[in-house]
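Take a look at the chain below and turn it around a few times. Then we'll walk through it piece by piece.

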Amino acid sequence: MTPSATYRLQLQPDFPFSAAEDAVPYLATLGVSHLHLSPVLEAVPGSTHGYDVVDHGRVRAELGGEEGLRRLARTARRHGLGLVLDIVPNHMAADPRHNHALREVLREGPGSPYARWFDIDWAAGDGKVLLPVLGGRLGDEMGGFRVDGEVLRHGEQEFPLRSGTSGLPLPELLDAQHYRLCWWRLARTELNYRRFFTISELIGVRVEDPEVFAATHAKILELVRDGTVEGLRIDHPDGLADPAGYLERLSRASGGAWTVVEKILTGPEPLPAGWAVAGTTGYDALHRIDGLFVDPVGAAELLGHYRESASPAVDRGGYWQATVRRAAYRVVTHELAAETALLTRLASRVCAGDPALRDHAPWALRTAVRELLVRVPVYRPYVTAGGPCAESAAAALDATAVSDAKAVFAVREEAAAVDVVRELALGRLGPGGDRAAFCDRFAQTASALRAKSVEDTAYYRYVPLISANEVGGDPGRPAVAPEDFHAFSARLARDWPATGTALTTHDTKRSADVRAAVAVLSECPGRWSRLVAELARTAPAAPDPQLAWQAWQTAFGCVGFPAGEQAARLAPALLKAARESGLFTSWTEPDPGYERAMSDFVAAGPAAATGPARELLAEFAATLAPHVRANVLGAALVQLTMPGVPDLYQGTEREYLALVDPDNRRPFSTPSPDAPASAKEALTAAALRLRRERPGVFGESGTYVPLAASGPAAGHCLAFCRSGEVVTAVTRLSLRLAEAGGWRGTELALPDDGLWRDLLAPGREFSGGRVAVAELFDGGPVALLSRVAPAGTSDPG
């Protein structure tokens, strides 16, 4: 069953199944068709997110167990709601205390029946799994070990002992195991298992193996087959060896249940047409919606102010692509050095077995691997070793990438290693096993590199307009023209009508309402730059100008935080931004002096609850409040009525101000029934009820037609019609509109001559044909029109 709309709930010990059950009546009244639950399988105790799965065969006891989940499903069904589950096929927690499969591998080694579950390069570890879990070098940690029966303990950690080793002296015992315990810093260079991105605490799972797929999906598929669950959200498919094959197998096993994937598409990159899914989780839609409310001229001016005041020490001029490339080099040579080393070993093995390739030196192959990885313009190429090479896969490593990669070599003959690595990456070189191993791992590493260098590094280094720095976005071109949005929506209606759309998720760095506020700054770049200069005089000096620019924008976007919460919520988010950027401090090499100066600046300035900075920000925000409201309501209405299945994140039907996790993963609470509905909540409920009541208008057979405004302010009105029955119209760039003198006779052409009722303004109706936009938006910056009578008939009421 395809949902009409889903509502994401973040389950955790403080918000278990019973709490979700309590929220069902409210959510059913809101108008969604399905609850979208974060991962429900057994996870590391205390986990607040559930992506650190430890047992695929059990529903998490801390949430209420399987009976709690089934009870939630029954309650939801009584209220007309279904369940969609978030599942995690790519990785598990690398914690042998709780992960039984991993514990058995550590106990029994490569002979364990569970060894096939994980991508472990046993040869690289001399037959051992490298576990980078110690706080210092092994020699310095020896005093912390103790043997307890068949378990080796170190602090709160525990590791299984190989049979017959418990009586050995400690040095011999450590050497006799199928694993090697080491300092966590060695993960950079010596790790020999595949992990999630650069997180060594999450070990990759080989779901391409049919037996592993069956074992890790049995419980989920049981819940789908018995009707407890009706849809699936797939976390990080790009980490899998064969995403297309996995999704096909899952579709067959689930009976074709509605399934969307967390696939991050870059620019115009399409979702692979052959994937057995309904579409993505919606980051591609998020980028297009956000971009509608960014002024391209103002964004360019804002970039100029940023480059003058903040960027010279950051990225030598403030250019987005240059920032991305530098970040990619940093990640591939540091955080992903172990993955690069593995690819080099695989390439060397292929070359050693082919007389025509034996002269390629390992260092040249390593350089070629690095130079091609940093030039992959998307998350990964999709290719099966030995099979046909899709045009999109070849384009990910095109002639320009090859030429640029070769340019770093001083000797032409050595540069030929680039050709070898490209052919390996595209699955066209080498014997079957080695060819497949390199092809798969190159793609998996490319996706990790893209995620870490773009999402988790460059987005925190390049900050002229932080609302553009969201997953799937393009900070170098933050604005999206209406015609581009219409083209994108038309493609969705034609090719992916049941795809997901989103504005806020558990992974967004800033909630949609924060981004909507910050986007207004693109309409007043000069005023903002002057305000930043004035704000700088109210607080201690920031330790670097890039931080200051980002921090003040964050404070403006969150000026509506409840009193007293600014410091507790802004400070951790800004510290995370500074450490992720890796410019002056980092998670692995924190700079205490920098972080103290940063803390002093944030506390006295951007996060101050009182004082001159707070007063200046509040006054500035008050002058822009109507324009922020227009962005918030416009973005919400567009998402709820465009092609696709809208996913609402918990609480976002109301004003929702949140920063990067864990701030955006706080437990959900239903609003008081006595609280008056805000304009955003009324809009959301009206649109959701309309979707539920008229599925043919918005469903897979629904159509999408852009509506054109005419007149001096036509560019400020975005409108479209769904299936000839519903019209969405929103105001964009409302500050620029006001400064230009308003609508000034601009008109919008409504379909036909029928009667149209505005569901957001009771009592307001319009006849088909041309309508003055000023009249259409007289009651607010958005309109949701539903046809109530065809031309020539009376209103049926």
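Which residue forms a salt bridge with Glu765? That partner is Arg757, and the closest N and O atoms of the two are 3.0 Å apart. Keep in mind as you read that this is a predicted model.

## A hairpin and its salt bridge

Let's stay with that pair for a moment. Glu765 is partly exposed, with a relative accessible area of 34%. Arg757 also counts as partly exposed, at 23% relative accessibility.

Now look at the strands in this part of the chain. Strand E23 covers residues 747-758 and strand E24 covers residues 765-772, and the two pair in the antiparallel sense over seven bridges. E23 and E24 form a hairpin, with six residues between them. In the turn you'll find Gly763, which has a positive phi of about 95 degrees.

## The whole chain

Time to zoom out. The chain has 797 residues, and a compact globule of that length would have a radius of gyration near 28 Å. The chain comes in at 27 Å, which agrees with that. If you boxed up the C-alpha atoms along the principal axes, the box would be roughly 90 × 60 × 55 Å.

What is the chain built from? Its secondary structure comes to 30 helices and 25 strands. Of the 797 residues, 60% count as buried. The accessible surface is about 29300 Å², and 53% of that belongs to carbon and sulfur atoms. Contacts tell you something about the fold too: among those with a separation of 6 or more, 73% are between residues 24 or more positions apart.

## More salt bridges

Side chains of opposite charge can pair when their charged atoms come close. How many salt bridges does this structure have? The count comes to 62.

Here's one inside a helix. Glu222 forms a salt bridge with Lys219, with the closest N and O atoms 3.0 Å apart. Both sit in helix H7 (residues 210-225), and because they are three residues apart there, about one helical turn separates them. Is each of them buried or exposed? Glu222 is partly exposed, with a relative accessible area of 33%, while Lys219 is buried, at 11%.

The side chains of Arg579 and Glu595 meet in a salt bridge, 2.9 Å from N to O. Arg579 lies in helix H24 (residues 566-581) and Glu595 in helix H25 (residues 592-604), so this pair ties together parts that are 16 residues apart in sequence. Arg579 counts as buried at 18% relative accessibility, and Glu595 counts as buried at 15%. There's also a network of salt bridges that links Arg116, Asp119, Arg194, Arg206, Glu208, Asp209, Glu211 and Arg441.

## A sheet of three strands

Next, find the open sheet made of three strands, in the order E6-E13-E12, with antiparallel pairing. Which strands are at the edges? They are strand E6 (91-93) and strand E12 (195-196), and each of these pairs on one side only.

E12 and strand E13 (residues 199-204) pair in the antiparallel sense over two bridges. To see how they line up, find Arg195, which stands opposite Ile203 in E13.

## Cysteines without partners

A disulfide is a covalent bond between the sulfur atoms of two cysteines. How many disulfides does the structure hold? The number is zero.

Cys558 is buried, with a relative accessible area of 2%. Cys182 counts as buried as well, at 2% relative accessibility.

## One serine to finish

Last stop: Ser254, which is found in helix H8 (residues 243-254). Ser254 counts as buried, at 8% relative accessibility. What does Ser254 touch? Leaving out residues up to four places away in sequence, Ser254 touches Leu221 and Val224.

Methods:
Residues numbered from 1 in each chain as written. Predicted model: local features only at pLDDT ≥ 70, side-chain atom pairs only at ≥ 80, totals over all residues. Heavy atoms only, no water. Salt bridge = Lys/Arg side-chain N within 4 Å of Asp/Glu carboxyl O. Helix = DSSP H or I, 4+ residues; strand = E, 2+ residues; numbered from the N terminus. Buried < 20%, exposed > 50% of the residue type's maximum accessible area, 1.4 Å probe, protein only. Disulfide = S-S within 2.5 Å. Pairing = 2+ DSSP bridges. Rg over C-alpha atoms; globule rule 2.2 N^0.38 Å. Contact = heavy atoms within 4.5 Å. Areas by Shrake-Rupley, 256 points an atom, 1.4 Å probe, with all protein chains shown as cover.
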